[in-house]
Amino acid sequence: MARKPRNEYEERHDGELSRRRLFGYLIGGGALAAGVYYGLPVLLERSPNAARRMEKWCNEVMRQNNDLDAVENIQERIVRLKRELEERVEDAKPIKTFEEFDKIRENLEGNYKLVNDIHCHKGHNWEPIGSYEKPFIGTFNGQGHTVYDLRAEWPERDYVGMFGVVGRHKVTCQGDRYVYSIGNLKLEKIKIKGNAYCGKIVGSNLNGLIHDCYASGEVHGIGIVGGNIGGNGGILLRLSNDGSIDGNFDVGGEIGFNNGGYVINCVPNDYVKEDKIRHKGSLIGQNMNTFSLFDDYSEHIPSKGTIGLDNSPKEK
């Protein structure tokens, strides 16, 4: 029997929420409301409401950061990232066969490019590339080629997709964000089955750039299930998919759970099954800590498609 994800599932996505709450609880449980005087903390008061105040403050800081990124920086950042990724293609390792494709997991920091279509072996149960403990932190450029018949059926496991987890859990500087990439790829006749964080392309995109991809097939999971991406904290640009999607909560036509990520020019998928899904949307199952959802990142046109539960801060 599949293990049911815990209710506080969002804490496991990219660590942001759990770090905020842990910080708040620690302060609230002991001496709180530290002031800073010439860089030295001074304990000011003890308060049981500290955790709530700290979480509210952190949410506001995150909202302001998201506003700044979305309005001023995102277009320039994407242009720069795509230019850097194009430069990496020339020196990327060519992938010609299914066996070479399967060996990407042996070097999760490498740069790779497809030079022809890949037909997965019949009956092979694909092991997702990158895990929660060892995520994929390289680049993968499909160069317009197609991966056919990939099947990853791990009903009791989290982070199931062609790639399991992409990006770093801890980002040491702004330049580390979004440099991990999967793009220019087609997936045909894909079958994904897992527990939580399930998607055709990526189970959980922590802070990578996933761009210009199309996938057809089916995705089945318990929670945080998306047509292409299970959980997202990075940039999703021009993604689309066809095929059935089902789960119990946070189920989206493109993304199951978007936590602080950007969703740009992604196409909704209405093939989300109706059966008693908590937080279901044709675009996103649950959206949190961002309103950076654009159909055109240069003009900031809000995305089409529905969001099951929108916990994002609202523009004033």
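What share of the residues in the protein is buried? And which side chains meet in salt bridges?

Guide: Keep in mind that this is a predicted model. Of the 316 residues in the protein, 53% are buried. The protein has three helices and 25 strands. Take the contacts with a separation of 6 or more: residues 24 or more positions apart account for 75% of them. The protein exposes about 15000 Å². Carbon and sulfur atoms supply 51% of that area.

Now the salt bridges. A search of the whole structure finds six. Three of them follow here, one by one.

Start with Arg105 and Asp102. Their side chains meet in a salt bridge, 2.8 Å from N to O. Arg105 has 25% relative accessibility, so this residue counts as partly exposed. Asp102 is partly exposed too, with a relative accessible area of 22%. The cut-off matters here: buried means under 20%.

Next comes Arg151. Its partner is Glu153, and the closest N and O atoms are 2.7 Å apart. Arg151 has a relative accessible area of 26%, which means partly exposed.

Then look at Asp212 and Arg238. The closest N and O atoms of this salt bridge are 2.6 Å apart. Asp212 lies in strand S13, residues 209-220. Arg238 lies in strand S16, residues 235-242. The pair therefore ties together parts that are 26 residues apart in sequence. Asp212 is partly exposed, at a relative accessible area of 21%. Arg238 is partly exposed as well, at 32% relative accessibility.

Salt bridges can also share partners. Arg151, Glu153 and Lys191 are joined in this way into one network.

For context, turn to the strands. Strands of a sheet pair through backbone hydrogen bonds, either parallel or antiparallel.

Terms used. Residues are numbered from 1 along each chain as its sequence is written. This is a predicted model: local features need pLDDT of at least 70, side-chain atom pairs count only at pLDDT 80 or more; totals for chains, interfaces and linings use all residues. Side-chain values use heavy atoms; hydrogens and water are left out. A salt bridge is a side-chain nitrogen of Lys or Arg within 4 Å of a carboxyl oxygen of Asp or Glu. Buried means under 20% relative accessible area, exposed over 50%, partly exposed in between (1.4 Å probe, protein chains only). Helices (H or I, at least four residues) and strands (E, at least two) are DSSP runs, numbered from the N terminus. Contact means heavy atoms within 4.5 Å. Accessible areas come from the Shrake-Rupley method with a 1.4 Å probe; for residues, only the protein chains shown count as cover.
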